[in-house]
Amino acid sequence: MLWSCSNKGKEIEVGNICKIGAVLDLTGPLAMYGTWVKEGLQLAISDYNKTYPNNNLELVIEDSLSNVKAGVYAFQKLTEIDKIQFIIVAPDSSTVMANAPIANKNKVLLFTPASSSPSITNAGKFVMRNRISGHQEVEALVKFIISELKVKSAGIAILDNEAGHFYRESFI
């Protein structure tokens, strides 16, 4: 019996290990968020491996250091050296967008569970996420503070990255 984990069209037989890559901000200013994603992934993979003991998943984690260049290097290592076809990138939207062309060119699935830049929506057919964009978050927040709190002026502090710039634009 075969299962759905594959490597360039070759199916993996039951009993083999399927690797999932992760490029996470584990150090630097975004480390708190990267650590949350890491812990969630480890929990999910552990749970999966207990439920399906003949189809083991292995998580290969690289630290992006909260640095886009390091995140691109880590993504390339996972695709070129480790030959991983499914890579989770979180939380920095800038790192996701820098890796999007690589994922699309090499037909490697890049999934982000935590990045919010609206650019991710159109980053290519091999790039996806499962959270709403930052624009949608800000739109809901602004409607609330205007209609419910009756605030007439406000300001925001943002990170100087891909998502932060969209948060600023959306807020304005």
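I began with serine 170, which touches His135 and Val138 once residues up to four places away in sequence are left out. Serine 170 sits in helix α5. I was working with a predicted model.

**Entry: how far serine 170 is from valine 23.** I looked up the C-alpha separation of these two. Serine 170 and valine 23 are 147 residues apart in sequence. In space I found 27 Å between their C-alpha atoms.

**Entry: valine 138.** Valine 138 belongs to helix α4. Is valine 138 buried or exposed? I noted a relative accessibility of 7% for valine 138. Buried means under 20%, so valine 138 counts as buried. I then listed its contacts, leaving out neighbours within four places in sequence. Valine 138 is in contact with Tyr167, Ser170 and Phe171. I also checked one C-alpha distance. Valine 138 and phenylalanine 171 are 33 residues apart along the chain, and their C-alpha atoms are separated by 6.0 Å.

**Entry: α4 against α5.** I then took the two helices as a pair. Helix α4 covers residues 134-147 and helix α5 covers residues 162-171. Their axes are 9 Å apart, and the packing angle is about 35 degrees. Which residues make the contact? From α4 I wrote down Gly134, His135, Glu137, Val138, Val142 and Ile145. From α5 I wrote down Tyr167, Ser170 and Phe171. I recorded the crossing of α4 and α5 as right-handed.

**Entry: the whole chain.** I stepped back for an overview. I counted 5 helices and 7 strands. What order do the elements follow? From the N terminus on, I read β-β-β-α-β-α-β-α-β-β-α-α. The C-alpha trace spans about 60 × 30 × 30 Å along its principal axes. The chain has 172 residues, and 41% of them are buried.

**Entry: surface and charge.** I found 17 positive and 17 negative side chains. The centres of the two sets lie 5 Å apart.

**Entry: α2 against α3.** I went to another helix pair. Helix α2 runs over residues 68-81, and helix α3 over residues 93-106. Their axes come within 9 Å and cross at roughly 35 degrees. The crossing of α2 and α3 is right-handed. On the α2 side I listed Val68, Gly71, Val72, Phe75 and Gln76. On the α3 side they meet Ser94, Thr95, Ala98, Asn99, Ile102 and Ala103.

**Entry: threonine 95.** I picked one residue from that list. Threonine 95 is found in helix α3. Why does threonine 95 count as buried? Its relative accessibility is 1%, and the cut-off for buried is under 20%, so threonine 95 counts as buried. I set aside neighbours within four places in sequence and noted the contacts that remain. Threonine 95 is in contact with Val23, Asn67, Val68, Gly71 and Val89.

**Entry: a cis peptide bond.** The peptide bond from alanine 90 to proline 91 is cis, with omega near -5 degrees. Proline 91 lies in the loop between β5 (86-90) and α3.

**Entry: two positive phi values.** I looked up phi for serine 66 and lysine 83. For serine 66, phi is near 55 degrees, a positive value in a residue other than glycine. Serine 66 is in the loop between β4 (56-63) and α2. For lysine 83, phi is near 60 degrees, also positive. Lysine 83 is in the loop between α2 and β5. I noted a relative accessible area of 48% for lysine 83, which makes lysine 83 partly exposed.

**Entry: proline 29.** My last stop was a loop residue. Where is proline 29? I found proline 29 in the loop between β3 (17-24) and α1 (31-51). Its relative accessible area is 71%; exposed means over 50%, so proline 29 is exposed. Proline 29 and leucine 159 are 130 residues apart in sequence. Their C-alpha atoms are 9.9 Å apart in space.

Key:
Residues numbered from 1 in each chain as written. Predicted model: local features only at pLDDT ≥ 70, side-chain atom pairs only at ≥ 80, totals over all residues. Heavy atoms only, no water. Helix = DSSP H or I, 4+ residues; strand = E, 2+ residues; numbered from the N terminus. Buried < 20%, exposed > 50% of the residue type's maximum accessible area, 1.4 Å probe, protein only. Lys, Arg positive; Asp, Glu negative; His and termini not counted. Charge placed at Lys NZ, Arg CZ, Asp CG, Glu CD. Axes fitted to C-alpha atoms, helices over the stretch in contact; angles between N-to-C directions. Left-handed = near helix turned anticlockwise from the far one by under 90°. Contact = heavy atoms within 4.5 Å.
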